[in-house]
Amino acid sequence: RAKAPRTGDPSARRYLRTGMSEGEVIARVGPPDLTTGKGRRQARWTWMPAPGDPDTITVVLFDVGRVVEIERTVVKR
């Protein structure tokens with residue numbers, strides 16, 4: 001199965017801020033690569049390194065649909 005083309009701008013991941021809604025995050029950086037907690041009060045979304053944001057894993061924690069924490073970890077391949 002072919003993977004859908006990515007939307008959003010990976011380089012904008014560094015500009016995510018607490019208080020943003022899930023929709024704002026998706027519009028800015030595109031859908032996450034991994035998610036946990038879907039349908040629950042808290043959710044964790046993860047974006048893996050990509051062109052425009054190489055060597056960085058971005059994790060965003062949502063509480064009731066709003067960003068409450070952002071973690072950016074530099075990794076070397």
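Because the model is predicted, local features were considered at a pLDDT of at least 70 and side-chain atom pairs at pLDDT 80 or more, whereas totals for chains, interfaces and linings use all residues. Residues are numbered from 1 along each chain as its sequence is written, and side-chain values rest on heavy atoms, with hydrogens and water left out.

The chain contains one helix and four strands, where helices (H or I, at least four residues) and strands (E, at least two) are DSSP runs numbered from the N terminus. Read from the N terminus, the elements follow the order α-β-β-β-β. Of the 77 residues, 34% are buried, a term that denotes under 20% relative accessible area, with exposed meaning over 50% and partly exposed in between (1.4 Å probe, protein chains only). The accessible surface of the chain amounts to about 5,200 Å², and carbon and sulfur atoms contribute 52% of this area, as computed by the Shrake-Rupley method with a 1.4 Å probe. Where contacts (heavy atoms within 4.5 Å) between residues at least 6 apart in sequence are considered, 35% join residues at least 24 apart.

Strand 3 spans residues 56-63 and includes aspartate 63, which is buried at a relative accessible area of 19%. The side chain of aspartate 63 forms a polar contact of 2.8 Å with the side chain of arginine 41; such a contact is a pair of N or O atoms within 3.5 Å, of which, within protein, one must be able to donate a hydrogen and the other to accept it, while residues adjacent in sequence count only if both atoms are side-chain atoms. Although aspartate 63 and arginine 41 stand 22 residues apart along the chain, their C-alpha atoms are separated by 5.8 Å. When residues up to four places away in sequence are not counted, aspartate 63 touches Arg41, Gln42 and Val68.

Threonine 56 also belongs to strand 3 and is buried, with a relative accessible area of 8%. With the exclusion of residues up to four places away in sequence, the residues that threonine 56 touches include Arg13, Trp47, Met48, Pro49 and Arg72.

A search of the whole structure returns two aromatic pairs, defined for rings of Phe, Tyr and Trp (its six-membered ring) whose centres lie within 6.5 Å, with planes under 30 degrees apart counted as stacked, over 60 as edge-to-face and the rest as tilted. The rings of tryptophan 45 and tryptophan 47 have centres 6.1 Å apart and planes at 65°, so this pair is edge-to-face. Tryptophan 45 is buried at 9% relative accessibility, and tryptophan 47 is buried at 0%. The rings of tryptophan 45 and phenylalanine 62 have centres 4.4 Å apart and planes at 55°, and the pair is therefore tilted. This pair links distant parts of the chain, with tryptophan 45 in strand 2 (residues 42-47) and phenylalanine 62 in strand 3, 17 residues apart. Phenylalanine 62, like tryptophan 45, is buried, and ring pairs link Trp45, Trp47 and Phe62 into a cluster.
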